[in-house]
Amino acid sequence: MFAARTIKWVAAAALALTASSAMAFEPSGKVECIAPSDPGGGWDFTCRSVGNVLEELELVPASVQTINMAGAGGGVAYAHTVSKRKGDDQLLVAASTATTTRLAQNQFPGMNADMVNWIGAVGADYGVIAVSKDSPYHDLNELMDAMKKDPRAVKFAGGSANGGWDHLKVLIAAKAAGVENLPRIPYLSYNNGGEAMTQVIGGHVDAFTGDITETQGFLKSGDLRVLAVLSDERLPGDLSNIPTAKEQGIDAVGPNWRGFYMPADIDDDAKKYWVDAVDKLYASDQWKKVMKSNGLMPFHPDSSEFEAFVKQQIQDIQALSKEIGLIQ
Amino acid sequence: METLHYLSLGFGVALQPENLMFALMGCFIGTLIGALPGLGPANGVAILIPLAFTLGLKPETALIMLTAVYAGAMYGGRISSILLNIPGDEPAMMTCLDGYPMARKGKAAEALAISAIASFMGSLIATIGLILLAPLLARFALTFGPAEYFALFVLAFATLGGITGKNPMKTLMAAAIGLIIATVGIDLSTGTQRYTFNVLELYEGVDFIIAIVGLFAVSELLFFIEEKAGAGREMIKVNPLKLKWREILSIFPTTIRGGVIGFIAGVLPGAGASLGSFITYTLEKKIVGKDGYFGEGDPRGVAAPEAGNNGASSGALVPMLTLGVPGSGTTAVLLAMLVSLNITPGPLMFTQNAELVWGVIAALLVGNFMLLLLNIPLVGVFVKILSVPPMYLLPIVTMVAFVGIYSISHSTFDLYFMIAFGVGGYILRKLEIPLVPVILGLLLGPEMEKNLRHAMQISDGDWSILWSSGLSIGLWLVAIIGLLLPVIVGPILRRRMQAAKSKVG
């Protein structure tokens with residue numbers, strides 16, 4: 001009786017959707033989204049906000065349940081997905097550049113990017129290099145010129161560990177600018193971007209490396225001067241007056257993307273369903289609103305290119321990490 | 001004048017019936033969460049964030065409820081410290097030292113009442129401080145660079161001997177154990193893993209809460225099992241309250257000192273409530289000197305850390321509200337909540353979100369009165385929950401602690417780890433090695449190391465950076481005095497006392 005009703009309901013739902021997906025995979029019941037962090041972080045936000053919009057758009061039958069699985073900077077969730085959830089086509093896991101960085105630096109021992117299915121990105125937060133308002137540096141080239149003379153001339157503070165994404169952004173920019181002896185560039189690691197920024201504003205450290213959303217408070221108050229944003233084009237809205245590194249002649253881009261991966265061994269139909277779902281979500285007005293209110297910038301590689309993008313990013317980070325001697 | 005205007009605006013927000021109701025609810029839940037060992041303010045707030053979202057609360061209402069939970073947890077932490085000798089949360093650790101002995105002497109009700117009043121005073125002083133000094137202090141916090149932070153942590157360690165001072169070697173050993181445990185995990189300054197043996201769960205180091213719950217709650221359970229098998233153990237009963245005005249007045253100076261120092265400790269990002277209660281306790285012990293009977297149930301030993309940790313909890317809101325920098329674990333959680341409510345934390349919050357910020361400040365004042373009123377008459381209710389015989393209570397508490405730990409990380413590994421800490425804590429207590437320095441080493445070790453290495457990087461290896469500013473020199477001097485005073489003055493005092501005695505005799 002119950003089964004019959006369920007089948008009828010699924011059939012009705014399938015009919016109601018587009019014809020192309022009539023025969024294909026449909027999620028049924030509860031969908032899970034693992035946020036590999038404690039409540040409150042970026043991954044948690046990704047799961048919860050995407051979950052809400054997926055529900056609003058009726059791309060999922062019931063609710064999306066966010067599960068927090070903190071540990072090893074996402075490593076615990078990655079290991080869980082690889083070893084225990086193979087073939088589970090109702091599970092999304094939030095990921096970002098932090099995930100690719102750790103994969104590139106072999107910080108998830110015995111695991112690599114091929115062990116999961118990369119689904120898609122829903123936006124990005126772009127890297128910035130900033131100084132305090134009293135700093136002698138007024139554009140990125142002045143800063144980089146000082147570093148070319150002496151790589152220890154400018155000290156950077158950021159919220160990630162040494163070798164983490166905030167550190168890598170400095171190296172990406174310095175490399176593009178032609179600074180030599182990258183391992184000599186001093187990088188000071190703080191618990192979070194806010195702590196790092198107060199040290200820069202307090203005059204204890206020369207420059208800040210982080211993401212644009214972190215800087216907005218101090219940017220508006222005028223305490224912080226952003227020398228460059230590491231994006232392809234200028235950012236929309238109020239942020240459009242910040243120059244990119246590219247237009248200053250330094251070809252450095254550093255998107256901290258937010259997106260998802262899924263377990264290995266899922267049907268192609270199921271994978272296609274979720275890739276399409278992320279596409280539809282990204283195109284929706286609801287998601288645009290979420291992006292706007294949370295400072296998330298446009299970033300959405302074509303679904304066919306996302307996996308290649310992820311692997312390219314991992315390769316780039318690997319090469320850079322080798323160069324600074326972080327990995328062999 | 002402007003401040004008064006904003007404050008009245010804030011009261012307008014805080015006194016709305018809906019906000020009042022959620023503040024009351026937050027106070028009650030917070031006190032309960034604080035009282036249950038293992039669940040501290042940070043997890044309490046973290047657990048209730050989903051509730052704020054599901055109820056679809058307005059930003060100011062959500063923040064008012066959560067700050068009420070925060071303040072409530074600071075009040076509640078003392079209840080199990082006093083009655084069970086298990087700190088309800090980390091900042092309540094110091095309250096055990098005199099609260100539990102008081103309770104064993106049959107003065108549990110007095111200890112609870114004194115600590116409630118001290119909590120109220122600490123919180124009141126710090127909230128007034130927050131109102132008056134917030135814009136100013138935000139700038140002061142900026143003057144703390146790595147060298148100043150390093151000196152501050154050295155000061156904390158230098159005064160460590162004062163807490164459990166019977167055997168300095170054992171205190172030192174305990175602090176060293178804490179420092180050793182603190183090295184586990186990723187080394188932020190080089191990005192390499194230390195002592196993690198490819199175990200993913202160890203990559204982010206040892207979680208503070210797990211260590212605390214294991215060392216205190218689980219080892220307490222083990223002790224209980226052992227004693228039950230032997231002679232058995234007396235149960236703490238809550239006596240009818242007999243507190244005289246004179247006694248309340250006698251702790252007045254203590255609470256004022258505690259509140260002020262706690263507030264300062266709270267304002268400094270990264271220092272937090274634990275440090276606040278710790279410094280106030282040691283300082284109070286120093287000030288009172290030989291007149292006191294600290295460690296044996298001195299009411300001032302209960303009042304000082306409670307005023308200190310409640311002062312610090314309000315103080316920690318200063319860097320959060322003015323700079324967007326969390327001053328403690330709990331404010332970090334609150335900050336995350338603000339960001340998800342689409343409020344950009346930072347120096348402009350005071351002007352751009354004036355209604356929210358001042359609403360929360362006014363709610364802190366209102367909530368503080370609520371908590372005092374809740375905590376004096378309702379202490380019976382909270383005590384009822386904890387005064388179930390230990391043979392039922394301890395397993396329940398342990399279970400709650402297990403569930404609490406599990407609910408944070410959803411990892412069974414953490415539970416095994418907690419049990420390991422419990423066994424370790426049991427052994428240390430058998431060897432009469434104090435547990436508090438272990439926790440402090442674990443808490444302050446990574447920050448101290450990080451700041452030293454940052455200072456070295458900034459100065460390119462020149463050690464003189466550590467004493468190159470007036471502020472750091474001042475901190476070093478206090479640290480040296482704190483370290484040497486007991487060594488130099490102790491014997492002199494003892495000699496004088498003996499001399500005085502022999503004269504009398």
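Helix α5(B) is mostly covered in this predicted model, with 11 of its 12 residues buried. The buried set runs through M93(B), M94(B), T95(B), C96(B), L97(B), D98(B), G99(B), Y100(B), P101(B), M102(B) and A103(B). The geometry of this helix, residues 93-104 of chain B, is in line with expectation: at 1.5 Å a residue, its 12 residues should span 16 Å, and its end C-alpha atoms are 17 Å apart, which agrees. Just after α5(B) comes G106(B), whose phi is positive, at about 85°.

Two further positive phi values deserve a look, since neither belongs to a glycine. Most residues other than glycine have a negative phi. In chain B, F197(B) takes a positive phi of about 50° although it is not a glycine. F197(B) sits in the loop between β2 (193-194) and α9 (208-229) of chain B. Because F197(B) has 7 C-beta neighbours inside 10 Å, and 12 or fewer make a residue exposed, F197(B) counts as exposed. In chain A, N181(A) is likewise not a glycine and has a positive phi of about 60°. N181(A) has 13 C-beta neighbours inside 10 Å and so counts as partly exposed.

Turning to chain A as a whole, the chain contains 11 helices and nine strands. A compact globule of 328 residues would have a radius of gyration near 20 Å, and the 21 Å of chain A agrees with this. Along the principal axes, the C-alpha atoms of chain A fill a box of roughly 75 × 40 × 30 Å. Of the 328 residues of the chain, 53% count as buried. Among contacts in chain A with a separation of 6 or more, 77% come from residues 24 or more positions apart.

β7(A) pairs with strand β4 (residues 116-132) of chain A in the antiparallel sense, over five bridges. Within β7(A), T209(A) is the bridge partner of I129(A). β7(A) also pairs with strand β5 (residues 156-158) of chain A, here in the parallel sense and over three bridges. In this strand, A207(A) stands opposite F156(A).

Leaving aside neighbours within four places in sequence, A173(A) is in contact with I129(A), L230(A), A245(A), I250(A) and A252(A). A173(A) is also one of the residues with the most contacts inside the largest nonpolar core, which has 250 residues. In soluble globular proteins, nonpolar side chains tend to be buried together.

A last point concerns E305(A), which lies in helix α11 (residues 303-323) of chain A. With 11 C-beta neighbours inside 10 Å, E305(A) counts as exposed. E305(A) and G120(A) are 185 residues apart along the chain, yet their C-alpha atoms are separated by 9.0 Å.

Methods
Residues numbered from 1 in each chain as written. Chains lettered and ligands numbered in written order. Predicted model: local features only at pLDDT ≥ 70, side-chain atom pairs only at ≥ 80, totals over all residues. Helix = DSSP H or I, 4+ residues; strand = E, 2+ residues; numbered from the N terminus. Expected span 1.5 Å × (residues − 1). Buried ≥ 20, exposed ≤ 12 C-beta atoms within 10 Å, placed from the backbone. Rg over C-alpha atoms; globule rule 2.2 N^0.38 Å. Contact = placed C-beta atoms within 7 Å. Pairing = 2+ DSSP bridges. Core = buried A, V, L, I, M, F, W, Y, C linked by C-beta atoms within 7 Å.
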